[in-house]
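Here is a briefing on one protein chain. Look over the sequence and the fold before reading on.

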Amino acid sequence: MVLVKDVPFHSMCEHHLLPFHGRVHAAYIPRGRVVGLSKIARVIEVFARRPQVQERMTAQIADLLIDELDAHGVGIVVEASHTCMTMRGVKKPGSLMVTSAMRGSFKTDQATRSEFMSLVVSR
């Protein structure tokens, strides 16, 4: 498993037209082909730069990595703070939205998914 953790991002929510920001944890199991970690960060940046909702951004990152790398599996977890929650409405600073997308062996193999999640939550 190749994992890059805590990749920071900033994006704009297409629903509220307010910023959200956080970090992405991305992992894949190569099928003979590996890619530099900076390329994963670039993929995250490309999707984060457009007006977006977190749920779709998470799925788009996973879909692109599984397709382009022809990997055995891909796991993505995105943790973000949304200003719609922190500065207006219910005003709950410190709250995080967490989304995940599992593809290939990360979806079908509980052991792979568990290993990924244990690595993501370890600090």
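The points below cover the sheet, a helix, the cysteines and some single residues.

This is a predicted model: local features need pLDDT of at least 70, side-chain atom pairs count only at pLDDT 80 or more, and totals for chains, interfaces and linings use all residues. Residues are numbered from 1 along each chain as its sequence is written, and side-chain values use heavy atoms, with hydrogens and water left out. UniProt, in an unreviewed entry, places the feature "domain: GTP cyclohydrolase I" at residues 1-120. UniProt positions follow the numbering used here, feature names are shortened, and annotations may be inferred rather than shown by experiment. That span is 39% helix and 36% strand, and its end C-alpha atoms lie 12 Å apart. Helices (H or I, at least four residues) and strands (E, at least two) are DSSP runs, numbered from the N terminus.

**The sheet**

- Five strands form an open sheet in the order β3-β1-β2-β4-β5, with mixed pairing.
- β3 and β5 (97-104) stand at the edges with a single partner strand each, so one side of each has no neighbour in the sheet.
- Two strands count as paired if DSSP finds at least two bridges between them.
- Strands of a sheet pair through backbone hydrogen bonds, either parallel or antiparallel.
- Strands β1 (residues 2-13) and β2 (residues 19-29) run antiparallel and are joined by nine bridges.
- Val 4 sits opposite Ala 26 of β2.
- β2 also pairs with β4, in the antiparallel sense, over ten bridges.
- There, His 25 stands opposite Val 77 in β4.
- β1 pairs in the parallel sense with strand β3 (residues 51-52), over two bridges.
- Met 12 has Pro 51 in β3 as its bridge partner.

**The hairpin turn and positive phi**

- β1 and β2 form a hairpin with five residues between them.
- Leu 17 is in the loop between these two strands, β1 and β2.
- Leu 17 has a positive phi of about 55°, although it is not a glycine.
- Most residues other than glycine have a negative phi.
- Leu 17 is exposed, at 63% relative accessibility. Here buried means under 20% relative accessible area, exposed means over 50%, and partly exposed is in between (1.4 Å probe, protein chains only).
- Asp 70, in the loop between α2 and β4, has a positive phi of about 50° and is not a glycine either.
- Asp 70 is partly exposed, with 45% relative accessibility.

**Helix α1**

- Helix α1 (residues 37-48) has twelve residues.
- From first C-alpha to last, α1 reaches 17 Å, close to the 16 Å expected at 1.5 Å a residue. The expected span is 1.5 Å times one less than the number of residues.
- Its buried residues are Ile 40, Val 43, Ile 44, Phe 47 and Ala 48.
- Seen down the axis of α1, these buried residues fall within an arc of 130°, so they line one face of the helix. The arc is taken from the directions from the helix axis to the C-beta atoms.
- An α-helix has 3.6 residues a turn, so residues three or four places apart point the same way.
- The buried residues of α1 pack against β1, β2, β3 and α2 (54-69). Contact means heavy atoms within 4.5 Å.
- Arg 49 is exposed, with a relative accessible area of 66%.
- Arg 49 and Asp 70 are 21 residues apart along the chain, and their C-alpha atoms are separated by 25 Å.

**Cysteines**

- The structure holds zero disulfides. A disulfide is a pair of cysteine sulfur atoms within 2.5 Å.
- Cys 13 is in no disulfide, and its nearest cysteine sulfur, that of Cys 84, is 5.9 Å away.
- Cys 13 is buried, at 7% relative accessibility.
- Cys 84 is buried too, with a relative accessible area of 17%.

**Ser 81**

- Ser 81 is found in strand β4 (residues 73-82).
- Ser 81 is buried, with a relative accessible area of 14%.
- Beyond its neighbours within four places in sequence, Ser 81 is in contact with Phe 20, His 21, Thr 86, Ser 95 and Leu 96.
- Ser 81 and Pro 93 are twelve residues apart in sequence and 8.1 Å apart in space, C-alpha to C-alpha.
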